[in-house]
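These are my notes from a first look through one structure. I went residue by residue, then turned to rings and helices.

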Amino acid sequence: MTILQRERAVPLPDRWPRVSKFILSACAATVAELVTFPLDLTKTRLQIQGELASKHHGDGGSSVPYRGMVRTAAGIVQEEGLLKLWQGATPAVYRHIVYSGVRMVAYENLRESPLGKGEDEIFPLWKAVIGGMTAGAIGQFFASPTDLVKVQMQMEGKRRLEGKPLRVRGVYHAFVTIVSKGGIRGLWAGWVPNVQRAALVNMGDLTTYDTVKHFLLRNTNLKDNSFCHSLSSICAGLVAATLGTPADVVKTRIMNQPRDMNGRGILYKSSIDCFKQTVQGEGFLSLYKGFIPTWMRMAPWSLVFWLTYEQIRRIVGVSSF
């Protein structure tokens with residue numbers, strides 16, 4: 001058998017394990033994102049609702065159009081149309097292709113590296129925490145421009161109802177507009193709270209899923225099947241929402257704020273400034289605005305993602321996560 005024939009005989013996942021896992025995680029994330037995106041849009045609108053800084057700077061917001069998750073979602077459908085629940089879904093999918101692909105490959109490489117598992121082949125919790133936060137931060141940094149576009153597109157329907165001019169007309173126009181106002185660096189506006197949020201969310205999602213799943217496999221009679229994956233993903237979604245919501249509120253407000261001619265934010269100087277203004281003006285619990293839709297989105301998102309990811313890994317012959 002020639003070298004070429006031997007290479008062809010080796011399955012693609014074995015020849016290109018990182019590329020294969022990147023593609024599989026991106027596919028699973030796309031499915032999960034499209035299924036749960038309306039809850040993400042509702043969460044974003046709730047987080048902007050009642051923003052005191054915009055009132056102080058004469059940017060409207062004197063009245064609150066929606067209150068609560070159900071009324072917010074119903075208001076979007078009634079006033080903007082059903083399909084507007086998926087406004088911003090395109091950059092959201094682009095984001096997860098980059099974000100989920102990078103974070104999953106990075107975490108698994110950290111876990112399987114010589115510095116990962118101990119002699120008992122167990123990935124210690126403290127290493128899983130560091131690995132989850134590191135993988136999430138790296139993935140989000142690269143995906144931050146698409147997240148910025150997604151947030152701005154999600155708010156366009158609300159701006160139209162308030163009689164304000166639209167900022168963007170689509171994904172391409174959004175990228176061009178952001179670059180023209182703030183340069184390439186403008187694409188990373190709000191990247192600090194974005195990366196902070198991703199680190200916390202992945203400490204909840206990746207770390208919890210990995211730890212709970214392998215704990216169940218080692219200490220119960222459960223098999224490595226969909227039921228075990230479902231239990232692990234439910235725990236992961238709850239922990240991720242609890243840890244990530246405050247940083248998500250700060251991230252959303254920084255990304256949505258108006259900017260001056262130099263691309264600098266008008267309402268907030270930094271993520272710390274946004275955090276302080278939010279807590280001082282609206283109370284600590286305002287950091288958990290949108291927690292219910294965040295959790296209600298993260299729970300099914302985590303469930304759909306992990307079930308899809310584990311199944312397609314099995315189908316193509318890649319070992320279970």
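Entry 1, Thr-208. I looked up Thr-208 and found it in helix α10, which covers residues 191–219. The model is a predicted one. Is Thr-208 buried or exposed? Its relative accessibility is 12%, so I put it down as buried, the limit being under 20%. I then listed what Thr-208 touches, leaving out residues up to four places away in sequence: Met-203, Lys-213, Cys-235, Ala-236 and Val-239.

Setting aside neighbours within four places in sequence, I found Tyr-209 in contact with Gly-204, His-229, Ser-232, Ser-233, Ala-236, Trp-306, Glu-310 and Phe-321. I also checked a C-alpha distance: Tyr-209 and Ile-234 are 25 residues apart along the chain, and their C-alpha atoms are separated by 8.4 Å.

I placed Arg-103 in helix α6, residues 89–112. Its relative accessibility is 2%, and Arg-103 therefore counts as buried. Which residues is Arg-103 in contact with, leaving aside neighbours within four places in sequence? I wrote down Ala-135, Gly-136, Gly-139, Asn-202, Asp-205, Leu-206, Trp-301 and Phe-305. For Phe-305 I have a further detail: the charged end of Arg-103 sits over the ring of Phe-305, 5.3 Å from the ring centre.

A pair of rings is described by the distance of the centres and the angle of the planes. I counted rings with centres within 6.5 Å as a pair, and by this rule the count is 15 aromatic pairs. Phe-141 has 33% relative accessibility and so counts as partly exposed, whereas Phe-142, at 51%, counts as exposed.

My next pair was Phe-305 and Tyr-309. The centres of these two rings are 5.5 Å apart and the planes are at 15°, so the pair is stacked. Why are Phe-305 and Tyr-309 separated by about one helical turn? Because they are four residues apart in helix α13, residues 291–316. Phe-305 and Tyr-309 are buried.

Phe-305 and Tyr-309 belong to one aromatic cluster, along with Tyr-107, Phe-123, Tyr-209, Trp-301, Trp-306 and Phe-321. I found a charge over Phe-321 as well: the charged end of Arg-111 sits over this ring, 4.5 Å from its centre.

Last, I looked at helix α3, residues 17–48, and helix α11, residues 226–256. How do two packed helices get described? By the angle between their axes and the distance between the axes. For α3 and α11 I have an angle of about 75° and axes 9 Å apart. An angle of 65 to 115 degrees counts as roughly perpendicular, so α3 and α11 are roughly perpendicular to each other.

From α3, Lys-43, Thr-44, Gln-47 and Ile-48 take part in the contact; from α11, Thr-245, Asp-248, Val-249, Thr-252, Arg-253 and Asn-256. I sorted the residues of this contact of α3 with α11 and got two nonpolar, five polar and three charged.

Note on methods
Residues numbered from 1 in each chain as written. Predicted model: local features only at pLDDT ≥ 70, side-chain atom pairs only at ≥ 80, totals over all residues. Heavy atoms only, no water. Axes fitted to C-alpha atoms, helices over the stretch in contact; angles between N-to-C directions. Helix = DSSP H or I, 4+ residues; strand = E, 2+ residues; numbered from the N terminus. Parallel < 35°, antiparallel > 145°, perpendicular 65-115°, else oblique. Contact = heavy atoms within 4.5 Å. Nonpolar A, V, L, I, M, F, W, Y, C, P; charged D, E, K, R; others polar. Phe/Tyr/Trp six-rings, centres within 6.5 Å; stacked < 30°, edge-to-face > 60°. Buried < 20%, exposed > 50% of the residue type's maximum accessible area, 1.4 Å probe, protein only. Lys NZ or Arg CZ within 6 Å of the ring centre and 35° of its normal.
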